[in-house]
Amino acid sequence: MSGTETLLNGFRKFREMYYEKAPGLYQNLLRHGQNPRFAVVACSDSRVDPAIVLQTEPGDIFSIRNVAALVPPYEEDGRYHGTSAALEFAVKALKVEHIIIIGHAHCGGVEAMIRKHEGGKAGGTFIAAWTDLLREAHERALAADPGLDGDALQSASERQAVLLSLDNLATFPFVLDAVTAGDLSLHGWYLNIFDGALEVWNPDTETFERQS
Ligand SMILES: [Zn+2]
């Protein structure tokens, strides 16, 4: 058990808060099932946990996390699509009302993609293939401003990655159906966790707007 005491202590605090002080919460979530209004696609990065950042309660958000908060293209190839399976469940079974893509600053996935693109070493067996999905975000960032490099290129690519994921999300037939029916809204957010800032994509102005 050595090394995991912090987590076990955390569970004790959780149990005190959610079972001893609010004994009905999980009984209700069992009796009525989960009914989250929100699905969130966030990065696996340990610093950007959506339940912590958005201060939600158990049952509030259906959380989908992967490297770089990506929605891959819709592919019916019989392979193992974890993110797509979670999206399918969120939309078709849970009937969430909102899907929110949350990209973030200093994302290691985006950094790995840029490094590889600039001739650096590709990371791992799976990371390089997964972050190849980001190449278009990098291209879009450079097309918008060919002079970008360094941190500016990275943060522009991170924001473009959110938009790319939104574009991919809209190609899933069950997502498109729910959006067309007016039952589902799609959102792109960008979290600058180091400045404590959250930006929300406004499709009308085509800008990320910093929230107060
Ligand atoms: Zn990340």
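Q: If contact means heavy atoms within 4.5 Å, which residues does Thr 131 touch, not counting residues up to four places away in sequence?
A: This is a predicted model, in which local features need pLDDT of at least 70 and side-chain atom pairs count only at pLDDT 80 or more, while totals for chains, interfaces and linings use all residues. Residues are numbered from 1 along each chain as its sequence is written, and side-chain values use heavy atoms, with hydrogens and water left out. Thr 131 sits in helix α6 (residues 127-131); helices (H or I, at least four residues) and strands (E, at least two) are DSSP runs, numbered from the N terminus. With those sequence neighbours set aside, Thr 131 touches Val 67, Gly 109 and Met 113.

Q: Is Thr 131 buried or exposed?
A: The cut-offs are under 20% relative accessible area for buried, over 50% for exposed and partly exposed in between (1.4 Å probe, protein chains only). Thr 131 has a relative accessibility of 2%, so call it buried.

Q: Which protein donors hold the zinc ion?
A: Donors are N, O and S atoms within 2.8 Å of the metal (3.2 Å for Na, K and Ca), and water is not among the atoms, so sites may look incomplete. Here the protein donors lie 2.0 to 2.3 Å from the zinc ion, and they are Cys 43 (SG), His 104 (NE2) and Cys 107 (SG).

Q: How many residues apart in sequence are the parts that Cys 43 and His 104 tie together?
A: The donor residues follow the spacing C-x60-H-x2-C. Cys 43 belongs to strand β1 (residues 38-43) and His 104 to strand β3 (residues 98-104), so the two link parts of the chain whose separation in sequence is 61 residues.

Q: Which residues does Ala 39 contact, leaving aside its neighbours within four places in sequence?
A: Ala 39 is in strand β1, and its relative accessible area of 0% makes it buried. Apart from those neighbours, it contacts Phe 62, Ala 90, Val 96, His 98, Ile 99 and Ile 100.

Q: At what angle do helix α4 and helix α9 pack?
A: Axes are lines fitted to C-alpha atoms, for helices over the stretch in contact, and angles run from 0 to 180 degrees between N-to-C directions. For α4 (residues 82-93) and α9 (residues 173-180), the axes are 9 Å apart and the packing angle is about 30°.

Q: Which residues of α4 and α9 make the contact?
A: The crossing of α4 and α9 is left-handed, a label for the near helix being turned anticlockwise from the far one by less than a right angle, with clockwise being right-handed. The contact brings together Ser 84, Leu 87, Glu 88, Val 91 and Lys 92 of α4 with, from α9, Phe 174, Val 175 and Ala 178.

Q: Which residues of helix α5 are buried?
A: Cover for them comes from elements including α6, α7 (135-144) and α8 (150-169). In α5 (residues 108-117), the buried ones are Gly 109, Val 110, Ala 112, Met 113 and Ile 114.

Q: What is the phi of Ala 68 near?
A: Most residues other than glycine have a negative phi. Ala 68 sits in the loop between β2 (61-66) and α4, and is buried at a relative accessible area of 7%. Its phi is positive, near 75°.

Q: What is the relative accessible area of Glu 206?
A: Glu 206 lies in the loop between β5 (197-202) and β6 (207-210), with a positive phi near 55°. It is exposed, at a relative accessible area of 59%.

Notes:
Contact = heavy atoms within 4.5 Å.
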